[in-house]
Amino acid sequence: MITMRRRIALLISLCAVASKVLASDVLPSEEPDLDAKLAQLIAQHELTGDLTTGANIPAVDDPEVQLGKLLFFTKALSGNKDVACASCHHPYLGGGDGLALPIGTLAKDEDVLGPGRETLTDNLYIPRNSPTVFNAWTEKRSLFRDARVEFLDWLNPERGISTPDVPYEQADPNAGDSLLQAQSRFPVITASEMRGFDFMQGQSNEAVRAHLAARIGDYGSGQGELFKNNWRAHFEKVYGASTSPGEEVVTFNNITKAIAAYEKSMNFTNNPWFAYVRGDKSAITESQKRGAFLYLYLPPPPSDGGEPPTDIPTQCVGCHNTDSFTQTKVSNYHRLAFPQIGPGTGAGDTQTNDLGRMHRNNSEADIFSFRSGTLLNIEVTGPYGHAGNYDTLEQVMEHYNDYRATLRDYFDNKRWCQQAQFKHREDCESLFVDAEINTEEAAKIVDFEISDGAPVLVPLDLSEQDITDLVNFMKALTDPCVKDAACLQAWLPQPHEGDPDGLQLRAKNELGVPLYLPANCLEGDTASSGDTLKLDQAECISGQMQYFKVQVNHDNTTLYLSTRGAQKTTRLLYNPRQWATENNAVVRSKTVHAEQVLTVTLNKGIHYVSIADSKPYQSVMLAASYDSALREGAKKPKELPDTCRSMPPLNYGQLFDEQAVCAGAGDSHFYIKITEPDSQVEIRTRHGFGNTNLYVGQFWPSRNFYDFSSQHSGSDEYLKLDGLQPGWYFVSTLGEGANHGTTIEVDIK
């Protein structure tokens, strides 16, 4: 079989290619100098390795960015207060959601993200894969997969931005100053994404936006809709206070400006390829260099024995060009015949097809075409395709290499059933009954275009090594920050930044543990026994008994440990003072969806965990995440009866599950009995006068000796204790001054 390099050399000798570079200049007959060859192509394509010069990227700690971050993570901007922007665009999921097809409203658990997020009906409602928000600021022409938010003239932005709120090719006067701001106006008014199917039915898009702004600002039609509302101070810090009658600082325009600033701050362009372009020849591997050459030079092969057209760009770089690796030449959208799974947009004979760009411009020429997005950080932004049907870059390259063969394999074997989102569904094989019919409509047009001489999707005859090299090159476009939880923390809400409305998204996975950055344990290094686990960063573990430390920085912290790929016999063990073993473990993990989860409430200091098994394990993913045990949740706290109005005070005695009692004035002491392992206990105090603090321990606690405490001004206290083992636990309400009339209740789960 002819190798890719020899085939390119033959093509160069036969025809003038779109790159307009002489074959003798690019591919010498002697052994090529890959760096020199790439230098010529880099110069030809005018690459600089720098996207930020003149881009005016705001710092992540800019006040407007910080406000945008809080807005991006609040569920208050959705109609039923159950979806945040981050629900479909989370930094730990590559700026997307890790799903083939998104789930916005109607989620069974609104805080579960990634595989495991399901709808209450088990149906899918959103037809297209969530694009990444990473480096979305580099898109100069349009946003959304059908480019329905676009500059009328991207070389002359003053002409304005067209959006679905106005007819095609008209400027939207409310679009704002940027594509990012214009785009952020639409998820909140889309029923399946954030609006909800029953919110403000029959009312206009502008009415919905105005109401959401009034909800955030606590005025007009939205006044009082949030149980807690501290938004105004955040807006006034950025945009100034309202100074005249009728003026309002919390407007939908300011909401979208802040969200756009937050998204623009996501500048993840510090990648190895850019370092190479700037002169560091050791920044990428030899495989990545070979892949870069194929990417920048690979011409379309002759379509029917003739020469390829000289006015068509080379493959790959023709659709993802310049340093932004987005489309800046010719058209911004392409017909690629990716499998059409999902509910579609209600088009075609099946009513489950998606016409792509044609939905916006009504042009038959653009039927089934979609926008070419950036390839920057493409390694972490899958699944790929407008319907998210390919999980890996290798699968995408196989489609480009021979799309007909790939489609046959995809539908014959129902490959979507291998995707994490669908593989556990009993009805997986019957999920997308129209998918092959819908895809074939696009594929037939592509077949015709190929027969007519168009180069897109002509089989490339790439070898396995060629595909590996191309994929490795695309991985060189990854900024290390997007794979580092500590680096991404700046784009996540932090406890000290507050939660203005109590509706901040607390993202978790289907195991019920806080969302973390996954690891590729097929490629990843194995963590060494004795290491300190990183927060929110999965580690790859191999062995039979591995020991790790966990650093906890604050009292009353809930530690979550979980596995991926563990054996049925694998267990997680915890000890507060020494290396955890089967004999001394204070808390052991429980099995959740065939994986191990260990949850325990801790005070600050070093703690010890182990991953143990009776037989060796290989490439198990282990992750540690924290949360505050003092936070009662994202919605209105549980109400307690004012028991001191109806019963005598109690200074000593046993507390029973969900039986509120009146604590006596001054100091009161109680005990509770735990009968089941791995129990969760919530303890609340409410009502009364003066100040009452809450203390818990395995022995009678005091103000100076306790395991856990909640100490706030007044008598409104809360503790959540996880991972408690059977036995007696002791609770004290220790008053300061003239305190009396306090209700206390324990809930045991």
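Two strands count as paired if DSSP finds at least two bridges between them. Strands themselves are DSSP runs (E, at least two residues), numbered from the N terminus. This is a predicted model, where local features need pLDDT of at least 70, side-chain atom pairs count only at pLDDT 80 or more, and totals for chains, interfaces and linings use all residues. Residues are numbered from 1 along each chain as its sequence is written, and side-chain values use heavy atoms, with hydrogens and water left out.

**Stop 1: E13 and E15**

Select 652-654, strand E13, and 667-674, strand E15. The two pair in the parallel sense, over 3 bridges. Now pick glycine 653: phenylalanine 670 in E15 stands opposite. Stay on E15 and colour its two faces. Ser668, Phe670, Ile672 and Ile674 make up the covered face. Asp667, His669, Tyr671 and Lys673 make up the uncovered one.

**Stop 2: the four-strand sheet**

Next, show the open sheet of 4 strands, ordered E14-E21-E16-E19. Its pairing is antiparallel. Which strands stand at the edges? They are E14 (661-663) and E19 (717-724); each has a single partner strand, so one side of each lacks a neighbour in the sheet. From one strand to the next, the twist averages 25° (axes are lines fitted to C-alpha atoms, and angles run from 0 to 180 degrees between N-to-C directions).

Zoom in on E16, residues 679-686. E16 pairs with E19 over 6 bridges, in the antiparallel sense. Select glutamate 682 to find lysine 720 of E19 opposite.

**Stop 3: the three-strand sheet**

Move to the open sheet E1-E2-E3, 3 strands with antiparallel pairing. E1 (142-143) and E3 (161-162) are the edge strands, each pairing on one side only. E2 covers residues 149-151 and is joined to E1 by 2 bridges. Pick serine 142; glutamate 150 in E2 stands opposite.

**Stop 4: the cavities**

Finish inside. A cavity is a set of points, on a 1 Å grid over the protein atoms alone, where a 1.4 Å probe fits but cannot get out; lining residues have an atom within 4 Å of a point. Points are joined across faces, edges and corners, and volume is the space filled by probe spheres set on them.

How many cavities of 30 Å³ or more does the structure hold? There are 6. Of its 13 lining residues, Gly96, Asp97, Ser130, Thr381 and Gly382 are the closest to its centre. Colour the lining by class: 3 nonpolar, 9 polar and 1 charged. Here Ala, Val, Leu, Ile, Met, Phe, Trp, Tyr, Cys and Pro count as nonpolar, Asp, Glu, Lys and Arg as charged, and the others, Gly among them, as polar.

Note on methods
1 Å grid on protein atoms, 1.4 Å probe; cavity = no way out; pocket = protein on both sides within 12 Å on 5 of 7 lines; lining within 4 Å. Buried < 20%, exposed > 50% of the residue type's maximum accessible area, 1.4 Å probe, protein only.
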